Amino acid sequence: MFSYENLGQTFSIMDKDQIFVLSGLTLFALGIGAFIIWGPNSSPARRGGVIGLQNLGLTCFLNTLLQAMASCAIFVEWLESCHGQGPVASALYYLLKVLSTEPAKLPEGIEEPLAPSGFIQALRGHGWSIGFGEQDAHELFHLIMATLEEEAHKTSANEGSLTDALEPKRRNSTGDVEESHKSSGDKGEPQSLPPVLKFLSYRLVNKQGEPITRKILPKYDSNKNCQASPFCGLLTSQLQCVDCGFKSVVRYDKFDSLSLHLPEMGSGFLQPITLAHLLDRFTQTESVNGVVCEGCNNNRAPDQPPITTTSLKTLSIGKLPRCLCIHIHRISMDKHGSPYKRPDYVDFPEYLCMDPYTQNSIIKEQKLKEDVKPDGDETAECSTPKSLPCRMGSYNHIYRVKAVVVHRGSVHNGHFVTYRRGPLQSSTRHRSDRWYLTSDESVTSATLAGAMEANAYMLFYEKCSMTPT
């Protein structure tokens, strides 16, 4: 017969170990139920803010450069105006378009991580020897810029178009490439395009879903000259004789990047080294000996040896590019003539003012020095540092950092990685202010502070209208 007294006797018989076992089984059952209800989603995880690139055999030097250039919106838009210009421009635009787009917006059929093999083949088609081995990212940057300029000057009408270069190839069961299956409808309809080409014709939309129109840059300027890359600028140089004061004709030279050298070890250069200090040294007036001065040799007899003098060479930036690539030269030679890599940290800003290094600013500074120069001083001061960040009072050339390329390792071997801003084409607000660390296939979240603490090898800046406070 059941009674509370019998129930109490039953519990009194059970020892404490049995009670603990029953409690543990109960908690385990509850845990299983919670996992089933609130456990992880079985669907594939959402992809990150930037997709990675396949390493095809020590090709990190290429991957790091592609990620850096993909963060420069002005350069990507310029490539958009180069459709059909050549296989290198088309292949590069495709890669940068993918790398600058939020992965959630990429169409089906685009592999992840992305393989840059087509771009390598396009470069080889121009005669470049791109081997699968360790190479320098800065040298590759100049190679790409030179190839894009070469394609721009070609006038052949039968060059491959963007559609021919990027349309997916189909293979049959034997692995042979089949002819592309094109729609019999109107070729201008978006439905007739393959997914990849639909993606390439993608346009940003605002909050109301209306397309955002962007000014497409023309392939040629008003003089029918090929439009230069956004990385292309002009350097100016001029010589002034210290004896007669004669100034040579200003010389203009194109540049795609500014290569800045670190100060020599033991030179007494103050630490820490800043990017502004390196730019000051780059545009610093220097003495040049053995110059045949045109002014000193004016009306001199041809049979007499020319007069050589000392001249002051002034280097400045005559025209700043819209995208600024800065290369920090880190290779030095030891006393035995062997190369080694400099590990010096260079402090660089998020917003860079380039006004002090332009031709107009330097000319104004030189005139100011001449006005305050004491009597009897025949030479201008060559080592006066420029004030920071700007000394002219107006900010006309402000740049914002977009990517930082870092080389890890020694002068003989190593690995390239890139800190870069997030995807350019994103519906999420401030997505482009997010930073990522890319290392071939690996992409991890990063911060601007982390990027600015890195030992930069190449810096990618983009001109903006924002004035730093």
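Contact means heavy atoms within 4.5 Å. Helices (H or I, at least four residues) and strands (E, at least two) are DSSP runs, numbered from the N terminus. The model is predicted, so local features need pLDDT of at least 70 and side-chain atom pairs count only at pLDDT 80 or more, while totals for chains, interfaces and linings use all residues. Residues are numbered from 1 along each chain as its sequence is written, and side-chain values use heavy atoms, with hydrogens and water left out.

Begin with helix α7, residues 137-152. Its 16 residues should span 22 Å at 1.5 Å a residue, the expected span being 1.5 Å times one less than the number of residues. The end C-alpha atoms of α7 are 23 Å apart, which agrees. At the start of α7, a side-chain oxygen of aspartate 136 comes to within 3.3 Å of the backbone nitrogen of histidine 138. Buried residues (under 20% relative accessible area, 1.4 Å probe, protein chains only) in α7 include Ile144, Thr147, Leu148 and Glu151.

These four residues of α7 meet Pro87, Val88, Ala89 and Leu92 in α5. Helix α5 covers residues 87-99, and its axis lies 8 Å from that of α7, at an angle of about 125°.

Elsewhere, four strands form an open antiparallel sheet in the order β4-β3-β8-β7. Strands β4 (251-255) and β7 (286-292) are the edges, each pairing on one side only. Two strands pair if DSSP finds at least two bridges between them; five bridges join β7 to β8 (residues 308-319). Glutamate 286 has lysine 313 in β8 as its bridge partner.

Definitions and conventions: Buried < 20%, exposed > 50% of the residue type's maximum accessible area, 1.4 Å probe, protein only. Polar contact = N/O pair within 3.5 Å; in protein donor to acceptor, adjacent residues only side chain to side chain. Axes fitted to C-alpha atoms, helices over the stretch in contact; angles between N-to-C directions.
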